[in-house]
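Here's a quick tour of the model on your screen. Have the viewer ready, and follow along section by section.

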Amino acid sequence: MGVVEQEFIRRQNPRLGTFKAPPFLPRAKTKGLGLERLEGERYLSAEFMQLEWQHIWTKTWQLAARLDDFAEAGSFVVYELGKESFIFVRGEDGRIRGFYNVCQHRGNRLCQAPEGILDSFTCPFHGWQWHNDGSLKQVAAPEFFRQFNGGVPADELALPPVKVDAWGGWLWFNMDLNACPLHEYLGRIGTHLETYEFEEWHLVDWQTFEWAGNWKHAVDAFNESYHFAALHPDMIEFGEGHDIPIELWGIHSRMLNFNRTVSEVIDDRETMTPLRAHMMGGRQRQQSGEVTGSAKDVHLQEIQRRRSIENETYLPFKHMNDEQLVHQYHYTFFPNTTFTQTPEGGAVFRYRPHATDPGRCYYDFFIVSRPPPGAARAERPPHRVHSHEQQVDYAEAFKGTFDPVLANVLAQDGSNMTTMQQGVASDSFRGMILSDQEARLRHFHKTIDDFIAGRVDTHNLLPWDHYLEKPEQT
Ligand code: FES
Ligand SMILES: [Fe+2]
């Protein structure tokens, strides 16, 4: 465990003794955010993309990398976001830092490897060097620079830093050095997820998909479950996406996807079909034949079973409310990070804009799981970027790490990206009509507008509960 993470845990853990995430049920009344159509221009316009860069990407906390990636001094990860590239690196003093990946001589990309271990970074062009704490190590042949006659100005030539902090087993960063602290940014909704003890989890796989659609189409696609019945007919055999609870918390939001049940839009909700048994039982219980009875009620039995073993299991059931024991808590932290999880595993999504083209984006899909104590870290498959220009086989991309049924669900989600980008560009398109089940989309786009209009003070997000539905919950 890294130094940053240890510091964070010391700061945060006292709350975990009694704290449980507030349940969604009974539902709070939804605060309406209007009924207007959402125009398509924001997905297409280079000017809008530039405003997002200026007011959102450079002002918000975002995922950088797993803390596990910084196991020793010199461990580094390069991360690309839009036009920028960053180096995140653990220094010899144990501290993890972040820097713009730009040589201070003539602006070359300094580090051109995606990850590794180095005590210093050397620009391949003329050989200027920096230590792994960002300080200048040496200028090549400084005698050629009359500017440096009085001595090389090492402070001025240090790599420009970004702000970093740790939460949930991840390193986060913010380009704004005056940004509010990460734990304030994540706010009370962030503390909900501390009950999952993410710092104990392992990253099992990470794959990136380049899609021919604006990044916001991808965020939108994963932030509502209204599409399950039409797009994911398999998924509603073992989960409910119809009329699910949604809550808006400040600039972030969450929803509850019910697992281990059969959607109410299906007539036969009782029969335990092979698909239902496969997806509701989990590997072990399915093999032991324990998944029996009415298919729609499996989640109720499972909650009881899990509650009954809460003092024996390594999984943190006793910190969790009943919903968390089996269902998927789906959280999106503005602007581009989504956590979806059950106590034993889940996925994290990160959405990234393309450097220049509003019609393209990158979707990072991280599979994470909670291993038993002492479990060895499995070797991770290589990270790959899967381009939309080739036919992507999602099951193949996640071979051995993700159930093919769920990989197919992801393929279905990805299938709309190009066509959404095309459709909203039509002269005939009159704007999106958003239902109450798409309230998170309305909230997300309103938050974008608020950032662009300067209505959000990112240096002090308190009080940041201007959309809050449940102001009394802590
Ligand atoms: S551009 Fe990097 S050393 Fe010259
Ligand atoms: Fe979907």
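Which elements do the buried residues of α4 pack against?

## Helix α4 and its surroundings

They pack against β11, β17, β18 (361-369), α10 (404-414), α11 (417-424) and α12 (439-452). Packing here rests on contacts, where two residues count if their C-beta atoms, placed from the backbone, lie within 7 Å. Helix α4 itself covers residues 215-222, and seven of its eight residues are buried. Those are W215, K216, H217, A218, V219, D220 and A221. A residue is called buried with 20 or more other C-beta atoms within 10 Å of its own, exposed with 12 or fewer, and partly exposed in between, again with C-beta atoms placed from the backbone. The element names come from DSSP runs numbered from the N terminus: helices are H or I over at least four residues, strands are E over at least two.

## What kind of model this is

This is a predicted model, so to speak of a local feature takes a pLDDT of at least 70, and side-chain atom pairs count only at pLDDT 80 or more, while totals for chains, interfaces and linings use all residues. Residues are numbered from 1 along each chain as its sequence is written, and chains are lettered from A and ligands numbered from 1 in the order in which they are written.

pLDDT is the predictor's confidence in each residue, from 0 to 100. The chain averages 91, and 91% of the residues score at least 70. Residues 1-17 are the part to treat with care: pLDDT is below 50 there, though the stretch has 22 contacts in the model beyond near neighbours in sequence. Where pLDDT is low, the predicted coordinates should not be read in detail.

## The chain as a whole

DSSP gives twelve helices and 19 strands. For 474 residues, a compact globule would have a radius of gyration near 23 Å, and the chain agrees at 23 Å. That radius is taken over C-alpha atoms, and the globule rule is 2.2 Å times the number of residues to the power 0.38. Along the principal axes, the C-alpha trace spans about 80 × 60 × 45 Å.

Buried residues make up 40% of the 474. Of the contacts with a separation of 6 or more, 66% come from residues 24 or more positions apart.

## Two domains

The chain splits into domain 1 (3-59 + 187-452) and domain 2 (62-165), with bounds from an automatic or database domain assignment. Their centres, taken over C-alpha atoms, are 34 Å apart. Twelve residues from domain 1 and eleven residues from domain 2 take part in the contact. On the domain 1 side, α1, α2 and β17 (345-353) each supply at least two residues.

That side of domain 1 divides into seven nonpolar, two polar and three charged residues. Here Ala, Val, Leu, Ile, Met, Phe, Trp, Tyr, Cys and Pro count as nonpolar, Asp, Glu, Lys and Arg as charged, and the others, Gly among them, as polar.

Is strand β4 buried or exposed? Four of the five residues of β4 (residues 96-100) are buried, so the strand is largely enclosed by the rest of the structure.

β4 pairs with β3 (residues 84-90) in the antiparallel sense over five bridges; pairing takes at least two DSSP bridges between two strands. R90 has I96 as its bridge partner. β3 and β4 form a hairpin with five residues between them, and G94 in the turn has a positive phi of about 90 degrees. Two bridges also join β4 to β9 (residues 161-167), again antiparallel, with F99 opposite P161.

Most residues other than glycine have a negative phi, and most peptide bonds are trans. A141 is not a glycine, yet has a positive phi of about 45 degrees. A141 is in the loop between β8 (136-138) and β9, and is exposed, with 10 other C-beta atoms within 10 Å. E197 has a positive phi too, about 55 degrees, and sits in the loop between α3 (182-193) and β11 (202-211). With 19 other C-beta atoms within 10 Å, E197 is partly exposed.

Look for cis peptide bonds as well. One joins L25 and P26, with omega about 0 degrees, and P26 lies in the loop between α1 (3-12) and α2 (46-57). Another joins F334 and P335, also with omega about 0 degrees; P335 is in the loop between β15 (328-333) and β16 (337-342).
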